[in-house]
Amino acid sequence: MKKFASLFGVMLAAILLLTGVEVQAATNWNTQTIQAVGMGVPPRNAVGAQARILARRAAIADAQRNLLEAVKEVQVDAETTVENVMVTSDIIRTRVSGSLQGARIVSTNYTSDGACEVTMEVGMFGVGGLAEAVIPQPQEIIPFPTPAPVEPNVTITIGTSGYTGVIIDCRGLGLNPVMSPVIKDAAGVKLYGHQNLDYDLVIRDGMADYANSNAQATRAGNNPLIIRAERLADHNANPVISVSDGNILLSANQQSGFLNRMAVVFLY
């Protein structure tokens, strides 16, 4: 993670210097983090250690501002960004601000002229993450839908030892990652959403991982059910699978409970 964070900061700095484009923050759905770069310069009358301290303080403030702008653009669900929920409640706005106050410093670099560049990071989930601030807690947990009765002469294969998770392959469809995704079937039935899950686990771990390959889909375990999405719904945020695949998903979950454990990965 440290190697990635360092490389991330170098890449952002290179883009700033070589292209002149103000790329100051970025969201990484693979790691479920948001990073931002801040720049600070010391006052003209500051020298030595004082100059470095003041430049760093200014860089941190700049990074926090850039981090806030990036966080506002994060999709909570298909219809709502963090900024949308912030404007609805002073409490939510305060909670989001609290999450940003807990952002960690990934790297600090000084230039030859005394300027300071700081890269900061905040997680979407876990302690100090955004999820608790922006994902509402359901009044009750809604059970997963019951699998449809199997038609005569139709066999549903769900594995002899039970699946450890599910990989929904959305590659090539233009999936837009969100913090609270929904899996639907082609008939419009919601098969998986945060209302079906333990809220504390959703806040701690997130509902799903976003990955670029099966090799990265470790959250789904060593024996995952792999389902190809037919299409996407709701601004390309929510995968839609066939009715038959949805039935397989629900039947497999009844056997091993991987949806309850949120062992879900979206390939995109």
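How many helices and strands does the chain have? There are 7 helices and 12 strands. The model is a predicted one. Of the 268 residues in the chain, 47% are buried. Consider next the contacts between residues at least 6 apart in sequence: 73% of them join residues at least 24 apart.

Start with a pair of helices. Two packed helices are described by the angle between their axes and the distance between the axes. Helix H2 covers residues 48-72, and helix H4 covers residues 90-101. They pack at an angle of about 130°, and their axes are 10 Å apart. That angle makes H2 oblique to H4. Their crossing is right-handed. Which residues meet here? H2 brings Gln64, Leu67, Leu68 and Val71. H4 brings Val96, Leu100 and Gln101. By type, the residues of this contact are 5 nonpolar, 2 polar and no charged.

Now the interior. In soluble globular proteins, nonpolar side chains tend to be buried together. The largest nonpolar core in this model holds 65 residues. Which of them touch the most other members? They are Val134, Ile135 and Met179. Helix H2 gives the most to this core, with 7 residues.

Leave out residues up to four places away in sequence, and Ile135 touches Val76, Phe125, Met179, His194, Tyr199, Val202 and Ile203.

Where does valine 74 sit? Its place is in the loop between H2 and helix H3, which spans residues 82-86. Is valine 74 buried or exposed? Valine 74 is buried, because its relative accessible area is 3%, and the cut-off for burial is under 20%. Along the sequence, valine 74 and methionine 179 are 105 residues apart. In space, C-alpha to C-alpha, they are 8.1 Å apart.

Most residues other than glycine have a negative phi, and most peptide bonds are trans. Histidine 235 is not a glycine, although its phi is positive, about 60°. Methionine 262 is not a glycine either, and its phi is also positive, about 60°. Histidine 235 lies in the loop between strand E10 (231-233) and strand E11 (238-241). Methionine 262 has its place in the loop between helix H7 (243-256) and strand E12 (264-267). What is the relative accessibility of each? Histidine 235 has a relative accessible area of 56%, so this residue is exposed. Methionine 262 is at 1%, so this residue counts as buried.

One more loop residue remains. Asparagine 223 is found in the loop between strand E8 (209-211) and strand E9 (224-228). Its relative accessible area is 27%, so asparagine 223 is partly exposed. How far apart are asparagine 223 and glycine 162 in space? Their C-alpha atoms are 7.9 Å apart, with 61 residues of sequence separation.

How values were computed: Residues numbered from 1 in each chain as written. Predicted model: local features only at pLDDT ≥ 70, side-chain atom pairs only at ≥ 80, totals over all residues. Heavy atoms only, no water. Axes fitted to C-alpha atoms, helices over the stretch in contact; angles between N-to-C directions. Helix = DSSP H or I, 4+ residues; strand = E, 2+ residues; numbered from the N terminus. Parallel < 35°, antiparallel > 145°, perpendicular 65-115°, else oblique. Left-handed = near helix turned anticlockwise from the far one by under 90°. Contact = heavy atoms within 4.5 Å. Nonpolar A, V, L, I, M, F, W, Y, C, P; charged D, E, K, R; others polar. Core = buried A, V, L, I, M, F, W, Y, C linked by side-chain atoms within 4.5 Å. Buried < 20%, exposed > 50% of the residue type's maximum accessible area, 1.4 Å probe, protein only.
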